[in-house]
Amino acid sequence: MDYDVICIGGSYAGLSAALALGRSLRRVLVIDAGKPANRQTPHSHNFLTRDGATPAQLTAISREQLKLYSTLSFLDDTALTATTDTAGFRVTTAGGHTFSSRKLLLATGLVDMLPNLPGFAECWGRSVLHCPYCHGYEVRHQPVGILANGEVGYELATLIQHWNPDLTLYTNGPATLTEAQHYTLKMLNIPIVETLLTAIEHQNGFVSNLVLANEDRVFLNALYARVPFQLSSDLAQQLGCQLTDHNLIEVTDFGATTAPGVFAAGDATTMFRQVALAVASGSKAGAWINRELIAEDLHRRLPPISMPS
Ligand SMILES: Cc1cc2nc3c(=O)[nH]c(=O)nc-3n(C[C@H](O)[C@H](O)[C@H](O)COP(=O)(O)OP(=O)(O)OC[C@H]3O[C@@H](n4cnc5c(N)ncnc54)[C@H](O)[C@@H]3O)c2cc1C
């Protein structure tokens, strides 16, 4: 085997696992395609000691510290295939490499599928926001909108009104809320606009107006939106890992997937997307992988233990 562990994905979850494994004297290869989910956000928030750092700073500091561990190697590349045999795993990359390892960690994150609304992609992570815990404080008490409908729209509206009393729900078509939900939003003074949106006007990704199909232009400082997502790669499916109802990788509390020897961490395993949680899950998975490797080595090295009678 070339490595004890290959970590596919070298962002917050993958690097955190690599840190735990490097400190456990494990030979690890981290393969990373360099596209973390938050790459477009100017400032990352809600991560202790690094509140307000840029995503690039978080990665640079992590990589700088991990370089001190001589058993860790890094490759900027994309893993294309992962296969398993009795000895372990084989990974091939877009760059034409093949590597083998005893264990595999998938920390490949998610891809957000942005709607085809002019301006949306440019504003994503800057002023079109996915999470109030990450970015809500920066736009508190400012006029904001929510682009969502039905249960999701209702849930977001009742959450976001805590930060922004000047709030409008844009359902982008006929509202699909229940009567009770309509009533609650009315009581909270949250207007519902059903007119279709045609564009988001912005300066360098910072929203200035929403443009509606009736040609109204509405001034806003930020727009919250929940967009669909999918796993960044099909490696979990290639390895036969069970997925959850939300098409995330099913894992135990310590990151073990349903495929023996395959672990997963970070966004690919949870709906609650936060740097702190990705780091925590990577750290736990790293420790659990090391534990499994120790158990396997002891099993090979020690004669069967007979207990004194
Ligand atoms: C717009 C936006 C803003 C956010 N802002 C915040 C914030 O302010 N604070 C906060 O706590 N959280 C924030 N988040 C959430 C946070 O970014 C994620 O929870 C976190 O990035 C998850 O870390 P991860 O390591 O699991 O995945 P990611 O950071 O997404 O990294 C996955 C890595 O795997 C790589 N990869 C994927 N497939 C392959 C492959 N086949 N081979 C090799 N590499 C591969 C990718 O290129 C990427 O580098 C934000 C999310 C979004 C979408």
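1. A residue is called buried when its relative accessible area is under 20%, exposed when it is over 50%, and partly exposed in between (1.4 Å probe, protein chains only). By this rule Cys241 is buried, with a relative accessible area of 7%. Cys7 is buried as well, at 0% relative accessibility.

2. This is a predicted model, in which local features need pLDDT of at least 70, side-chain atom pairs count only at pLDDT 80 or more, and totals for chains, interfaces and linings use all residues. Residues are numbered from 1 along each chain as its sequence is written, and side-chain values use heavy atoms, with hydrogens and water left out.

3. The structure has zero disulfides (pairs of cysteine sulfur atoms within 2.5 Å). The cysteine sulfur closest to that of Cys7 belongs to Cys241 and is 15 Å away, which is too far for a bond.

4. Polar contacts are pairs of N or O atoms within 3.5 Å. A polar side-chain atom of Ser11 is 2.7 Å from a ligand oxygen atom, and a side-chain N or O atom of Asp32 also lies 2.7 Å from an oxygen atom of the ligand. Ala79 places a backbone N or O atom 2.8 Å from a ligand nitrogen atom.

Key: Polar contact = N/O pair within 3.5 Å; in protein donor to acceptor, adjacent residues only side chain to side chain.
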